[in-house]
Amino acid sequence: MTFSIVARCARTGQFGMAISSSSPAVAARCAHVRAGVGAVASQNITDPSLGPLVLDQLEAGLPATEALQAVTTGRAHIDYRQLLVVDREGRTAIHSGSQVLGVWGEARSTDCAAGGNLLAGELVPMAMVEAFTGSKGHLGERLMLALEAGLKAGGEAGPVHSAGLKVADRLSWPLVDLRIDWAEDPIGMLRAAWDVYAPQMGAYVQRAEDPTQAPSYGVPGDE
């Protein structure tokens with residue numbers, strides 16, 4: 001049903017997540033990032049409330065493993081959930097319950113964790129981690145490379161229809177929040193959206209912080 005990766009950029013301190021699924025609008029429910037705190041994926045028969053709960057625990061100072069335990073221990077229906085966590089030190093944790101669907105897998109390294117369910121093969125998450133750790137550049141680009149590697153490794157057992165990319169930097173709102181909610185090639189469309197957005201994202205931050213210095217992009221009325 002889903003494959004995803006959460007990650008931290010050790011150089012910038014940014015947190016991000018990339019995800020794709022056969023379900024519509026997967027990033028609207030499953031992608032959770034918070035500046036200076038961490039990133040959490042909440043997937044597989046999703047409970048979207050779990051992402052913010054884990055982030056709250058991270059913000060309170062718990063490391064990834066303890067934050068995940070604090071939220072999952074004793075929680076109803078937790079066997080149906082799959083959660084991926086990365087914290088401000090690059091530590092990671094994963095919960096894959098006993099009721100995770102179909103072929104599932106998980107993989108971790110410093111600064112990143114990947115996982116999925118209803119996969120074409122259990123090694124898909126490892127392909128994502130290897131693509132991330134073997135890449136350089138902006139966190140958004142590295143996450144896109146990981147997502148594309150997951151698809152190349154087989155991705156989900158069936159066709160995917162939605163995808164998303166979300167990155168938190170130093171502000172209260174995401175630096176990147178791109179979604180393809182229903183399409184035949186959502187990862188390809190997400191790549192196209194990222195390639196258009198990436199050169200402009202700094203200007204959107206500038207427009208928020210000091211519009212008098214913001215550059216024009218030539219849209220009607222923007223001179």
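A quick word on the model: it is predicted, so local features need pLDDT of at least 70 and side-chain atom pairs count only at pLDDT 80 or more, while totals for chains, interfaces and linings use all residues. Residues are numbered from 1 along each chain as its sequence is written, and side-chain values use heavy atoms, with hydrogens and water left out.

Let's start with S4, which sits in strand β1, residues 2-8. Strands here are DSSP runs of E, at least two residues, numbered from the N terminus. Is S4 buried or exposed? S4 is buried, at a relative accessible area of 0%; buried means under 20%, with a 1.4 Å probe and protein chains only. Its side chain makes a polar contact with the side chain of Q43 at 2.7 Å. By polar contact I mean N or O atoms within 3.5 Å, one able to donate a hydrogen and the other to accept it; residues adjacent in sequence count only if both atoms are side-chain atoms.

Now, over to β8, residues 112-117, where six of six residues are buried. C112, A114 and G116 point one way, while A113, G115 and N117 point the other.

Which strands pair with β8? β1 does, in the antiparallel sense over six bridges, with F3 opposite G116. Pairing takes at least two DSSP bridges. β7, residues 105-109, is also antiparallel to β8, over five bridges, and A107 stands opposite A114. β7 and β8 form a hairpin with two residues between them, and D111 in the turn has a positive phi of about 80 degrees.

Technical notes. Helix = DSSP H or I, 4+ residues; strand = E, 2+ residues; numbered from the N terminus. Buried < 20%, exposed > 50% of the residue type's maximum accessible area, 1.4 Å probe, protein only.
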